[in-house]
Amino acid sequence: MLLAAACGIIVANLYYAQPLVGLISASIGLSSSGAGLIVTITQIGYVIGLLFIVPLGDLVENRRLVFVALLLTAAALVVAAVAKNALFFLSASLLIGLGSVATQVLVPFASYLASESSRGRVVGNVMSGLLLGIMLSRPLSSLVADLLSWHAIFALSAAAVVVLALLLLKVLPTRNPTANTTYGALLASMWYLLRTTPILRRRAAYHACVFATFSLFWTTVPLLLSSSDYHFSQKAIALYALVGVAGAVAAPMSGRIADRGWTRPATGVALVTVIVSVLLCLIFQTSSTLGIAVLVLAAILLDAGVSANLVLGQRAIFSLGPEIRSRLNGLFMAMFFFGGAIGSAVGGWAFASGGWSRALWIGAAFPILAFLYFFTEKNSRTHA
């Protein structure tokens with residue numbers, strides 16, 4: 001429970017800005033077409049951390065690594081809270097992403113504590129906390145911005161992260177990895193792992209596509225809802241974002257399904273769910289009650305499909321050797337967060353240049369590509 005809560009609190013920092021892109025971009029002087037950078041830069045920082053910090057989980061004492069990463073995150077959040085121009089805010093966003101990779105040291109940490117037979121359930125439970133953090137971050141930041149200002153959510157989170165860092169330092173057990181290597185050799189080994197681990201490449205490709213759609217949707221839907229067609233306030237956008245939390249129930253369920261050996265069919269269902277969520281929005285483009293109800297259903301389906309696919313992927317990867325688990329997880333997360341960064345950037349541009357329809361067509365293309373790739377798995381042994 002502690003690890004699940006910690007992952008949720010930390011990862012939320014990547015998404016507080018998502019429903020506030022309009023407010024923040026206007027405040028720091030970014031154009032509407034560049035608003036997607038607010039989320040994209042944070043995700044790029046996260047990718048860098050996944051590639052260069054998370055692998056240290058196989059080399060240095062994990063508790064100390066988490067503590068230092070959280071202190072970096074807290075400092076960056078303070079800068080974001082007081083930033084008044086794009087340069088300072090985007091620089092802080094990069095560092096927020098970099099430090100927030102502490103979550104991906106904690107997730108493998110949980111898998112080390114679990115038995116083989118219960119690993120899917122344990123990872124699913126921890127990931128449900130992480131996913132709740134992602135989903136609750138959007139309504140929370142919208143509500144705080146409505147009551148105070150967009151600056152306040154970053155200040156409040158900085159305080160929470162400092163408290164969490166001290167708590168984890170005191171409570172977590174010590175875990176000293178057994179790897180006998182250097183940092184340079186550790187990084188070099190990641191390319192070898194990528195080349196020789198087909199399950200990693202496949203699961204990362206699936207999730208990069210669905211996460212691109214996830215990031216595109218949640219970057220652009222606040223812009224849609226705050227437009228002249230919908231007239232949603234920040235509080236109303238927060239309530240809308242809250243409905244996506246229902247999708248988090250798919251995480252622990254998927255972990256149990258994976259423990260029973262049903263990873264492949266469950267993956268197909270998850271990919272189809274994401275595709276359906278976007279197609280519903282394309283078919284029912286109206287600000288009527290029906291249109292809003294469809295947006296609510298689409299948000300739940302999207303979050304459920306993405307949650308399920310993430311847990312299925314991590315369960316498959318964590319079934320491999322424990323001595324390389326942090327590096328495999330770092331590669332997996334880096335690859336799909338890169339997909340998310342692309343989705344955020346393209347979404348902002350697509351919405352500014354072609355509106356909601358263009359953003360949705362691009363958003364639908366990503367999971368359709370993943371589903372086509374999924375069919376090549378039929379005669380493959382890469383689904384674990």
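Predicted model: local features only at pLDDT ≥ 70, side-chain atom pairs only at ≥ 80, totals over all residues.

Trainee: Where is asparagine 13 found?

Mentor: In the loop between α1 (2-11) and α2 (21-28).

Trainee: And what does the side chain of asparagine 13 make a polar contact with?

Mentor: With the side chain of serine 157, at 2.3 Å. A polar atom of the asparagine 13 side chain also lies 3.0 Å from the backbone oxygen of isoleucine 10.

Trainee: OK, salt bridges next. How many does the structure hold?

Mentor: There are 2. In one of them, arginine 138 and aspartate 303 meet through their side chains, 3.1 Å from N to O. Arginine 138 lies in helix α7 (residues 119-147) and aspartate 303 in helix α14, so this pair ties together parts that are 165 residues apart in sequence.

Trainee: Is arginine 138 buried or exposed? And aspartate 303, buried or exposed?

Mentor: Arginine 138 is buried, with a relative accessible area of 1%. Aspartate 303 is buried too, at 0%.

Trainee: Then what does aspartate 146 form a salt bridge with?

Mentor: Lysine 235, and the closest N and O atoms are 3.9 Å apart. Aspartate 146 is in helix α7 and lysine 235 in helix α11, so here the parts tied together are 89 residues apart in sequence. Aspartate 146 counts as partly exposed at 35% relative accessibility, and lysine 235 counts as partly exposed at 42%.

Trainee: While we're on rings, how many aromatic pairs does a search of the whole structure find?

Mentor: It finds 19. Take phenylalanine 211 and phenylalanine 214: their ring centres are 5.4 Å apart and their planes are at 10°, so the pair is stacked. Both lie in helix α10 (residues 198-225), 3 residues apart, which is about one turn of the helix.

Trainee: Buried or exposed, those two?

Mentor: Phenylalanine 211 and phenylalanine 214 are both buried.

Trainee: And why is the pair of tryptophan 218 and tyrosine 240 tilted?

Mentor: The centres of those two rings are 5.7 Å apart and the planes are at 45°, so the pair is tilted. This pair links distant parts of the chain, with tryptophan 218 in helix α10 and tyrosine 240 in helix α11 (residues 234-243), 22 residues apart. Tryptophan 218 counts as buried at 1% relative accessibility, as does tyrosine 240 at 4%.

Trainee: Which residues form one aromatic cluster?

Mentor: Tyr15, Tyr46, Phe211, Phe214, Phe332, Phe336 and Phe337.

Trainee: Last one: where is leucine 297 found?

Mentor: In helix α14 (residues 289-317). Leucine 297 is partly exposed, with a relative accessible area of 43%. From leucine 297 to valine 39 is 258 residues in sequence and 24 Å in space, C-alpha to C-alpha.

Terms used: Residues numbered from 1 in each chain as written. Heavy atoms only, no water. Phe/Tyr/Trp six-rings, centres within 6.5 Å; stacked < 30°, edge-to-face > 60°. Helix = DSSP H or I, 4+ residues; strand = E, 2+ residues; numbered from the N terminus. Buried < 20%, exposed > 50% of the residue type's maximum accessible area, 1.4 Å probe, protein only. Polar contact = N/O pair within 3.5 Å; in protein donor to acceptor, adjacent residues only side chain to side chain. Salt bridge = Lys/Arg side-chain N within 4 Å of Asp/Glu carboxyl O.
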